[in-house]
Amino acid sequence: MRPVDVLDKAKEKRVLIKLKNGSEITGKLRAFDLHLNIWLDDAEETRDEKKIRYGSVLIRGDTVVLVSPGEGDV
Amino acid sequence: MRPVDVLDKAKEKRVLIKLKNGSEITGKLRAFDLHLNIWLDDAEETRDEKKIRYGSVLIRGDTVVLVSPGEGDV
Amino acid sequence: MRPVDVLDKAKEKRVLIKLKNGSEITGKLRAFDLHLNIWLDDAEETRDEKKIRYGSVLIRGDTVVLVSPGEGDV
Amino acid sequence: MRPVDVLDKAKEKRVLIKLKNGSEITGKLRAFDLHLNIWLDDAEETRDEKKIRYGSVLIRGDTVVLVSPGEGDV
Amino acid sequence: MRPVDVLDKAKEKRVLIKLKNGSEITGKLRAFDLHLNIWLDDAEETRDEKKIRYGSVLIRGDTVVLVSPGEGDV
Amino acid sequence: MRPVDVLDKAKEKRVLIKLKNGSEITGKLRAFDLHLNIWLDDAEETRDEKKIRYGSVLIRGDTVVLVSPGEGDV
Amino acid sequence: MRPVDVLDKAKEKRVLIKLKNGSEITGKLRAFDLHLNIWLDDAEETRDEKKIRYGSVLIRGDTVVLVSPGEGDV
């Protein structure tokens, strides 16, 4: 079992991503690879209390700190 | 499906790019590769409330945080 | 014996992870690889005195400083 | 078409380069490679309102944020 | 002779490790590799005058500045 | 023609090197490689208005921002 | 001739090393490799006016800015 397998069950569901620059992004997980490059749809970024919405967004893997299925605070 | 496939439908259309240095750049997507090196035409960079325009610009992939088709706030 | 072998005995037990951004995360170790990409279940992140819980979380290896079986302060 | 192809038409012409340390350098593009290592002639660096001139200069690719044919503000 | 050979004589003895984040960790050296991933037992971390003890700990090599057999100040 | 070819004509002559930590080093160019690891003789480092002299010095390539034949301000 | 050849004549003699974190370390050069991983004996680190001595120390190459045979200020 590989660590990235945790994302298999999250496909087409919402995930929470934390980035090295302090941003948090939630969205529907469309695709990911082993570098943690990630494609989200219906995404929302929160940074310094500001929110930005994206129809779709590609996140570069080397900026990712962590990815969690769901949207945090279970 | 690879994460970068999200950019296929954005070819020749405008995209929003956020860089690690805090800049945001919008422009028409001409070419990209798997490292997220990106060539934009008719580009505009916004940083610290200042705007700079480029006829064309090559962005080094390792400075990219995210790329979104469209120009944000859908 | 490889350094990462220390984690073999920690499988399915709780570990403490310190990240480069100053966060600490504890959780049940489900999977890891040689890059220290790590999958935790029942995880809790502490940063700047705030706590966040995750049902499961994938941590990108290049953000990890150290991993300790147990939860610190033996 | 690769992103770096945007620089082919800029050979022997002036380009603007932004570096990660905040410097901007303009100069005549003599040579570049896929890492964005770049050789400029007749170059001028601007940083914190100070200007420095170089007869020729080699810029290490991993310090580059972007390269634009011309000198910006089209 | 390779630089890392200095650690051969330190196996099962205490070493001092300085990390890029300013922490210092001492402990008994159990295993290391060429990337300086390191497994310590009976470890103690000192950071900003606070001490934390670990029964065992795995340190990611790319966070290491230096390793010294003994505990410094010979 | 490769970017690094600009240094061929500078062999055994003085060059100016800017480092990522803000230092500037001038010296006689004895040897370099494609990573921009550089050996200078009769070198002088300037940082925060302080000067340090080295009979010879090896600079690690990944700390280099740029290299210019001559000593700047042509 | 490779840049690192400058260190051949410095074997078993004292060298000065500057690190990315601002530390300076002097010591007797026992071994080094192409990544600038370095083993020193009888070493002394100076940082923020504090001095620490090591009987022997292994320095990770990616933290090195420069290495100079001798102890600076020729």
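Predicted model: local features only at pLDDT ≥ 70, side-chain atom pairs only at ≥ 80, totals over all residues.
**Group meeting: the chain A and chain B interface, and selected local features**

Across the interface of chain B and chain A, 2 salt bridges are found. One of them joins the side chains of A:Asp62 and B:Lys20, with a nitrogen-to-oxygen distance of 2.7 Å.

On the side of chain B that touches chain A, β1 (14–19) and β5 (64–69) of chain B each supply at least two residues. The largest share of that side, 6 residues, comes from β5 of chain B. Taken as a whole, the interface brings 24 residues of chain B into contact with 23 residues of chain A.

The size of an interface is often given as the accessible area lost when the parts come together. For chain B and chain A, the buried area is about 1900 Å², and 61% of it lies on carbon and sulfur atoms. As for polar contacts, 8 residue pairs are found across the interface of chain B and chain A, with both residues at pLDDT 80 or more.

I turn now to aromatic rings. How many aromatic pairs does a search of the whole structure find over all chains? The search returns 0. Rings do, however, take part in another arrangement. In chain B, the charged end of B:Arg30 sits over the ring of B:Trp39, and the distance to the ring centre is 4.8 Å. In chain F, F:Arg30 lies over the face of F:Trp39, again at 4.8 Å from the ring centre.

My last topic is backbone geometry. Most residues other than glycine have a negative phi. Two residues in this model deserve attention on that account.

Where in chain A does A:Asp48 lie? Its place is the loop between β3 (38–47) and β4 (50–59) of chain A. Is A:Asp48 buried or exposed? With a relative accessible area of 67%, A:Asp48 is exposed.

The other residue is G:Glu49, which is likewise not a glycine and has a positive phi near 65°. In chain G, G:Glu49 is found in the loop between β3 (38–47) and β4 (50–59). G:Glu49 counts as exposed because its relative accessibility is 81%, and the threshold for that class is over 50%.

Note on methods: Residues numbered from 1 in each chain as written. Chains lettered and ligands numbered in written order. Heavy atoms only, no water. Phe/Tyr/Trp six-rings, centres within 6.5 Å; stacked < 30°, edge-to-face > 60°. Lys NZ or Arg CZ within 6 Å of the ring centre and 35° of its normal. Helix = DSSP H or I, 4+ residues; strand = E, 2+ residues; numbered from the N terminus. Buried < 20%, exposed > 50% of the residue type's maximum accessible area, 1.4 Å probe, protein only. Contact = heavy atoms within 4.5 Å. Buried area = accessible area lost by both parts, 1.4 Å probe. Salt bridge = Lys/Arg side-chain N within 4 Å of Asp/Glu carboxyl O. Polar contact = N/O pair within 3.5 Å; in protein donor to acceptor, adjacent residues only side chain to side chain.
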